[in-house]
Every structure is written in C-alpha cells, then in structure tokens.
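Hi there,

Here is the structure I promised to pass along. Have a look at it first, and then read on for my notes.

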Amino acid sequence: MISEPQSFLPLAAGDTIGICALSGAFEPDIFEQGIKILEHMGFRVHVPRGIYARKRYLAGDDRHRADILNALAAMTEVKAIMCARGGFGAMRVLPLLEFDFLRRHAKPFVGFSDVSAALVSLGKRAGFPVIHGPVLTSLAKADPLTCDSLYRALTTAIHDLPDIKAPNGVTLTPGMARGMLYGGNLATICHLCGTPFQPVFSGNILFLEEINEPAYKIDRMLTQMHQSGVFQGITGVIIGGFQNCGDENVLHELFHEHLGHVPLFCGVQAGHGHVNVSMPMGIPVVMDAQKHTLSWCAKDMP
C-alpha cells in the first residue's frame with residue numbers, strides 16, 4: 001500500500017528523539033558520543049532497553065530490531081526517530097514492521113546508507129516524513145556542516161529550508177524537474193529489486209549515493225534497477241557522494257547512460273563523504289541540473 005507522506009512538524013528544544021538500531025551492531029562509546037551531539041543541539045534522547053543487543057554483525061535478531069522501531073512509533077513523547085548506524089540489516093526487518101500501525105503513528109525518521117531500505121519503505125508505505133541524514137554513530141565525529149544541516153532539517157518548516165547547492169556540481173543532462181524526492185544508497189535500493197519492497201519511483205526525483213564500489217559493480221546495479229523498472233517514470237536524478245568508487249569520468253558516463261534521459265547532475269554533499277547534508281524526502285522539490293540546486297516547494301505543489 002502506498003501512503004502520502006504526512007506533514008512534517010518541526011521539532012523544538014526539549015523534544016525527544018528516540019534511537020533505533022535496524023542494521024549493524026555498534027560501538028557503545030561512539031554511540032554515546034552521538035547522543036551528546038543531539039543533547040548539545042537541545043534535544044532529549046530516548047535510548048530503548050536492549051538497543052545494545054548483538055547477533056553476529058547485527059544489532060540483535062530481526063524481531064528485536066523491528067520491535068524497537070514499532071515501540072518508538074507508539075511513544076507519544078518521542079517526536080522523531082534516528083538510527084544508530086548503517087552496515088547491513090534494515091531490509092531484513094521490513095517484513096516484520098507493522099506498516100498499518102506505523103501509518104497511524106508516523107514521525108520524522110532519520111538515517112542513511114543501509115537505512116535507505118527503511119527510508120524508502122517507511123516513506124512510501126507508512127507516510128513517514130523521512131530524512132536522509134546522518135546516523136547516530138556517524139554524527140559522533142561529523143563535520144559541523146553535517147550537524148547544522150541535521151538540526152535545520154529537524155527544526156525548520158520545509159518551505160523555510162535553504163536550497164541545497166552542490167559546490168562543485170557537474171551537469172550531465174541539463175534541465176529542471178519537479179517531483180517528490182526519494183532515494184538513498186545505490187546498493188541497498190538495488191537489493192530491494194525483486195522483493196515485495198521493490199520501490200516505485202514514478203513521478204519522483206531520485207537521489208543516489210554509494211561508497212567503496214568499483215565502476216563495474218555500479219554499472220551492474222544500475223543495469224539491474226533499469227531492467228527491473230525501478231527508474232521508470234522518474235522525473236530527475238541527483239547524484240550524491242560516490243566515495244572510493246573509481247574514475248569520476250567513468251561514473252559520469254555510467255550515470256548518463258542509465259539515467260541521462262531526465263535532468264541529471266552530480267556533486268551534492270550527501271552520503272558517505274566528509275559532509276553529509278540532511279535531505280527531507282517524500283516532499284515536493286524542484287531541481288535545476290544547470291545550477292546544481294535542490295529547492296523545497298511544499299507551498300507550490302499539491
């Protein structure tokens with residue numbers, strides 16, 4: 001079932017952010033540093049019981065990780081939910097999430113990397129106002145621009161958010177596009193292909209980022225997504241960081257071959273790079289591939 005994203009209600013000083021761990025296990029010390037960053041921003045932080053659980057490389061078994069998210073959604077005092085870390089595991093919990101229940105308790109949900117599986121699914125199936133932004137453990141040692149961007153995304157009405165600009169942007173296909181912004185980590189979204197959670201991006205502006213994947217694997221993932229119909233009906237594409245993924249010129253060729261039929265630009269500082277700006281998703285945006293900008297237009301579009 002597809003749900004319309006619910007209106008985003010900005011957080012205020014003293015509001016509580018609940019922490020879930022849908023993916024990999026994490027180091028407690030780095031986790032605690034991330035909590036201090038959120039508290040320094042003026043938020044309260046709710047750490048659920050059992051968050052430190054481990055099963056192999058996961059933060060506990062699948063049911064345990066899903067139950068923590070379901071419980072946080074039910075807590076009225078929790079105004080937003082942030083993931084502890086990425087790694088792997090979020091797609092394993094998707095069949096265990098109570099989407100009908102979550103649809104009635106939607107609240108801002110923050111994360112990136114492996115958490116992209118939950119960002120797309122919660123946004124499209126449960127109407128969560130999802131934010132592609134840092135996880136708690138990456139926030140621990142984040143660049144000030146990353147922290148400032150997260151704070152703005154959580155506390156500012158959508159139509160008052162400043163434009164996102166790619167300081168060293170590259171236009172691959174000129175033009176402007178409108179649509180709902182969705183996307184995230186390339187490999188994670190690719191691995192949803194052929195599952196009941198394969199996303200539908202028709203009418204959307206698609207954002208993609210990646211790390212530590214060679215060009216031929218990126219080509220393979222883009223090919224699979226293309227042939228699976230994931231790119232059908234997209235209105236534009238924004239490329240974030242592709243860290244340690246080889247020759248930039250080769251990547252640009254691949255992006256243009258698979259996605260160049262719509263406005264397309266690269267260089268947004270979002271993903272696994274030094275700066276990871278926060279981007280609210282599931283809301284109307286305008287992208288300008290020649291100016292390398294992304295603008296929020298919640299007031300301008302239905």
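To start with, how many residues apart are Asp 100 and Arg 103 in helix H4? They are 3 residues apart, so about one helical turn separates them within H4, which covers residues 99-103. Please keep in mind as you read that this is a predicted model.

Arg 103 counts as buried because its relative accessibility is 19%, and the cut-off for buried is under 20%. Elsewhere, Asp 62, Arg 65 and Arg 92 belong to one network, joined by salt bridges that share partners.

Across the whole structure, the search turned up 6 salt bridges. Another of them links Asp 67 to Arg 63, and here the closest N and O atoms are 3.3 Å apart. Both residues sit in helix H2, and because they are 4 residues apart, about one helical turn lies between them. Asp 67 is partly exposed, at 36% relative accessibility, and Arg 63 is also partly exposed, at 39%.

Arg 54 pairs with Glu 27, the closest N and O atoms being 3.8 Å apart. Arg 54 is in the loop between strand S2 (44-46) and helix H2 (62-74), while Glu 27 is in the loop between strand S1 (16-20) and helix H1 (28-40), so the pair ties together parts that are 27 residues apart in sequence. With a relative accessibility of 47%, Glu 27 counts as partly exposed.

Helix H9 takes in residues 215-227, 13 residues in total, and spans 18 Å from first C-alpha to last, close to the 18 Å expected at 1.5 Å a residue. Which residues of H9 are buried? They are Ile 218, Met 221, Leu 222 and Met 225. Viewed down the helix axis, the buried residues of H9 fall within an arc of 95°, so they line one face of the helix. Their packing partners are helix H8 (186-190), strand S9 (204-211), strand S10 (236-243) and helix H10 (248-259).

On the face of H9 turned away from that buried side, you will find the exposed residues Tyr 216, Arg 220 and Gln 227. Just after H9 comes Gly 229, which has a positive phi of about 85°.

Conventions
Residues numbered from 1 in each chain as written. Predicted model: local features only at pLDDT ≥ 70, side-chain atom pairs only at ≥ 80, totals over all residues. Heavy atoms only, no water. Salt bridge = Lys/Arg side-chain N within 4 Å of Asp/Glu carboxyl O. Helix = DSSP H or I, 4+ residues; strand = E, 2+ residues; numbered from the N terminus. Buried < 20%, exposed > 50% of the residue type's maximum accessible area, 1.4 Å probe, protein only. Expected span 1.5 Å × (residues − 1). Arc of directions from axis to C-beta. Contact = heavy atoms within 4.5 Å.
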